[in-house]
Amino acid sequence: MDHFTTSGGRKIPFISGYREGHRRNWRFKTSCSATRGKKRVNFPLTFQDMFTYGMMADLLTRLGLWQGRKYKRSLDLGGAEGVVSSLLRAEGKVRTSSCIDIVDYRGVFPAWLHVLYHLKYRFDVAISKWLPVPAKWHVFRKNINKYGYHTNFHSSVWNLRLRRMPGIDEFVVGDLYDQKEQYDLITAFNAICYFDYDRLFGKVSELLEEDGVFFFLADYWWFPANSTTIYGDFPYACQRLDREELERYFREHYPEHADDMLNKYDYFHEDARRPTVADYVAAAQKHGLSLAGAERLYPSEASNDGRTPVVPAELQRYADVDLNEVLEDIHRTRPDVTLEDLHTVHVMMAFVKRSDKSEKLESRFDKS
């Protein structure tokens, strides 16, 4: 068979070589502890954390929430060995840094090793500035491509500074929903896909002080090759097929991989609604978090993260792919998804807790 028929009657033609042309990792475990349980630190992973930390600093700087502001207490969700928490402290952005994870990473990343890795990071940045095309350099290319984040050398990504000894003041091993402390900065890097995002926003709002900031960087479900790495014989298989159709597709064509594919499908946001940027904003608003700013990230045709050799900008060049047809299939169950969502690989968002509504808007005009 050279096509798959959806429940709506559409025949989606298979594209020869498409599925085989992707990096695949069929074996999958749904628990966070199982997928990230190896307690070891290496430079590429630390470099990635430093890179994404710089991305956060760039966004918060543009929003007026970074330069000239020192936070009292921070909490990084799912922070693993605590690179982000350690950087916040080392750069002097917080007085007290905390990290929470369900895996015990305490002691895995000592301060001396953080300093050593930081020096290597700074050395690599300095060397790369002398190269004709810095983005092509192998050390930086992986992260630039993965996140679709292109910036100049004025960015915080390239200008990390240690002003204090790095370290984590508090490492919490346990469940976020059991926490009671208050923070004025909460961060999450590639962690919220392990949560029901609506419930998460409620807990974050509870933990944030008034005028506190919540920042997250999230893998985006609607990109053709998201973190589930589910690939079919045509682009956007797990986005344009609902769960029942996806199971039927794999049972019919790749029965040996069907169970693993469903496990991968179900882990994303605890099998809840696949959020768009608008969904994040609505859920946050519901829990008293106001949108401060957001940035979608789009990889170019020359910049993909290794999950797919053909990114959306390039897919549109080919006669056997029509993103409008993809969107039409998705709209059977999710009419709110847009073409822009199909191009988004990651999203950065920042929210501020502003629940005090004692003052009326008309008073603003009275004062003026």
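How many salt bridges does the structure hold? This predicted model holds 24 salt bridges.

**Stop 1**

Select Arg 10 and Asp 329 and show their side chains. They meet in a salt bridge, 2.5 Å from N to O. Now colour by secondary structure. Arg 10 sits in the loop between strand E1 (3-5) and strand E2 (11-13), while Asp 329 belongs to helix H12 (residues 323-330), so this pair ties together parts that are 319 residues apart in sequence.

Is Asp 329 buried or exposed? Asp 329 is buried, with a relative accessible area of 2%.

Arg 240 is buried, at 6% relative accessible area.

Next, pick Arg 243, Glu 247, Arg 251, Asp 259 and Asp 266. Salt bridges that share partners join these residues into one network.

**Stop 2: Glu 170 and Arg 73**

Select Glu 170 and Arg 73. A salt bridge joins the two side chains, at 3.0 Å from N to O. Glu 170 lies in strand E5 (residues 170-173) and Arg 73 in strand E3 (residues 71-77), so the pair ties together parts that are 97 residues apart in sequence. Glu 170 has 29% relative accessibility and counts as partly exposed, because buried means under 20% and exposed over 50%.

**Stop 3: Ser 97**

Select Ser 97, which is found in strand E4 (residues 94-101). Ser 97 is buried, with a relative accessible area of 0%.

**Stop 4: helix H2**

Select residues 43-62. This is helix H2, with 20 residues. Of the 20 residues of H2, 16 are buried, so the helix is largely enclosed by the rest of the structure. Gly 64 follows H2 and has a positive phi, near 75°.

**Stop 5: His 269**

Select His 269. Where is His 269 found? It is in the loop between helix H9 (258-267) and helix H10 (277-286). His 269 counts as buried, at 1% relative accessibility.

Show its surroundings. Not counting residues up to four places away in sequence, His 269 touches Ile 192, Cys 193, Phe 195, Tyr 197, Pro 275 and Tyr 280. The C-alpha atoms of His 269 and Ala 191 are separated by 9.8 Å, though the two are 78 residues apart along the chain.

**Stop 6: aromatic rings**

Switch to Phe, Tyr and Trp. The structure holds 27 aromatic pairs. Start with Phe 109 and Tyr 117. Their ring centres are 5.9 Å apart and their planes are at 50°, so this pair is tilted. Phe 109 is buried at 12% relative accessible area, and Tyr 117 counts as buried at 13%.

Move to Phe 216 and Phe 351. This aromatic pair is stacked, with 6.2 Å centre to centre and 25° between the planes. The pair links distant parts of the chain: Phe 216 is in strand E7 (residues 208-219) and Phe 351 in strand E9 (residues 346-353), 135 residues apart. Phe 216 is buried at 0% relative accessibility, and Phe 351 is buried at 0%.

Now select Phe 4, Phe 14, Phe 234, Tyr 249, Phe 250 and Tyr 254. Ring pairs link them into a cluster.

**Last stop: arginines over rings**

Select Tyr 177 and Arg 199. Arg 199 lies over the face of Tyr 177, at 3.6 Å from the ring centre. Finish with Trp 221 and Arg 274. Arg 274 lies over the face of Trp 221, at 4.3 Å from the ring centre.

Notes
Residues numbered from 1 in each chain as written. Predicted model: local features only at pLDDT ≥ 70, side-chain atom pairs only at ≥ 80, totals over all residues. Heavy atoms only, no water. Salt bridge = Lys/Arg side-chain N within 4 Å of Asp/Glu carboxyl O. Helix = DSSP H or I, 4+ residues; strand = E, 2+ residues; numbered from the N terminus. Buried < 20%, exposed > 50% of the residue type's maximum accessible area, 1.4 Å probe, protein only. Contact = heavy atoms within 4.5 Å. Expected span 1.5 Å × (residues − 1). Phe/Tyr/Trp six-rings, centres within 6.5 Å; stacked < 30°, edge-to-face > 60°. Lys NZ or Arg CZ within 6 Å of the ring centre and 35° of its normal.
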